[in-house]
Amino acid sequence: MATGAMLPWALRLPDAQGAPVANAIPVGLEMYSVRDALGKDPAGTVRAVAEMGYEGLEFYAPYFAWSQAQAKDMRKLLDELNIHCFSTHNDSDYFTVDKLQQARDLNLILGSKYMVMASSHAKPGPDGWREVANALNEATEKLEPHGVKAGYHNHQLEFMMADGVRPMELLAKNTKPTVMLQLDVGTCIEAGADPVAWIKANPGRIRSMHCKDWSPEAAKKYSVLFGEGVADWTALFHAAENGGGIEYYLVEQESSRFPELETAKKCLQGFRSAHQT
């Protein structure tokens, strides 16, 4: 993949014959998936995630409370384990003038390439979503000169019709092309939208994807493991890698019938089987 070739953390993985595959798309873990373990033992949890075979990770909002010294210690561990911080998930207020610099500096220390807005708290109506788009654009102007890009992560709300329009369509239309549209597959499906069609409608902008499955069965919902839900992963991978602009995948799991770390390991096994890497 052309974009992958430009990434400092683009990886080379062995193929079936043991030869390296140039620019293979890496898979990481959204650390919210192991939030309880991470809260108790950050270093031990990151080490466990690396030992499972994940090539990267995405820290979520609590990272913002780290001091620069703590962030440097975490970066040292990441380098030791040869695992990368692909991006971070951030509350919308991390993009405000008084917090953006601190978030940017922590992301730079961690080696993160994307600051993703994961909770927008938009005001009701189209104008509220346009304000979110403007905040992303303004942050982009301040982040990109330092080598960090902005992104937006959807939940169900962004794909649900309101006032005759889907908020996600407003965000895509009103943000700069360099703003990543990070696709959460499960919430997109639950909202009744087609994630494959969304990827095709926004070429080059789906640079990362939360590989989270979903089941319409009331007793299961997001507790299903990767591959146990209704997501068409074959079609999703094909769309993402043929015009979608994917740079890295992220497994995410909200809950399951297994402990957190076991769940993360099982989901990676499911991902590898489906993606054949």
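Glycine 28 stands opposite glycine 56 in S4. The model is predicted: local features need pLDDT of at least 70, side-chain atom pairs count only at pLDDT 80 or more, and totals for chains, interfaces and linings use all residues. Residues are numbered from 1 along each chain as its sequence is written, and side-chain values use heavy atoms, with hydrogens and water left out.

**Exercise 1.** Determine which strands pair with S3, and in which direction they run.

*Solution.* Begin with the terms. Strands (E, at least two residues) and helices (H or I, at least four) are DSSP runs numbered from the N terminus, and two strands pair if DSSP finds at least two bridges between them. Next, take strand S10 (residues 248–251): three bridges join S10 to S3 (residues 27–30), and the two run parallel. Here valine 27 stands opposite tyrosine 249. Then take strand S4 (residues 56–59), which is also joined to S3 by three bridges and runs parallel to S3.

**Exercise 2.** Identify the buried residues of helix H3 and the elements against which they pack.

*Solution.* Apply the cut-offs: buried means under 20% relative accessible area, exposed over 50%, and partly exposed in between (1.4 Å probe, protein chains only). In H3 (residues 42–52), the buried residues are Thr45, Val46, Ala48, Val49, Ala50 and Met52. An α-helix has 3.6 residues a turn, so residues three or four places apart point the same way. The buried residues of H3 pack against the strands S3 and S4 and the helices H2 (35–40), H4 (68–81) and H11 (260–275). Finally, examine the end of the helix: glycine 53 follows H3 and has a positive phi, near 115°.

**Exercise 3.** Describe the surroundings of cysteine 85. Is cysteine 85 buried or exposed?

*Solution.* Locate the residue: cysteine 85 lies in strand S5 (residues 84–91). Its relative accessibility is 1%, and therefore cysteine 85 counts as buried. Then list its contacts (heavy atoms within 4.5 Å). Leaving aside neighbours within four places in sequence, cysteine 85 touches Leu57, Phe59, Leu78, Leu110, Gly111, Ser112 and Lys113. Arginine 75 is ten residues away along the chain, and its C-alpha atom is separated from that of cysteine 85 by 8.4 Å.
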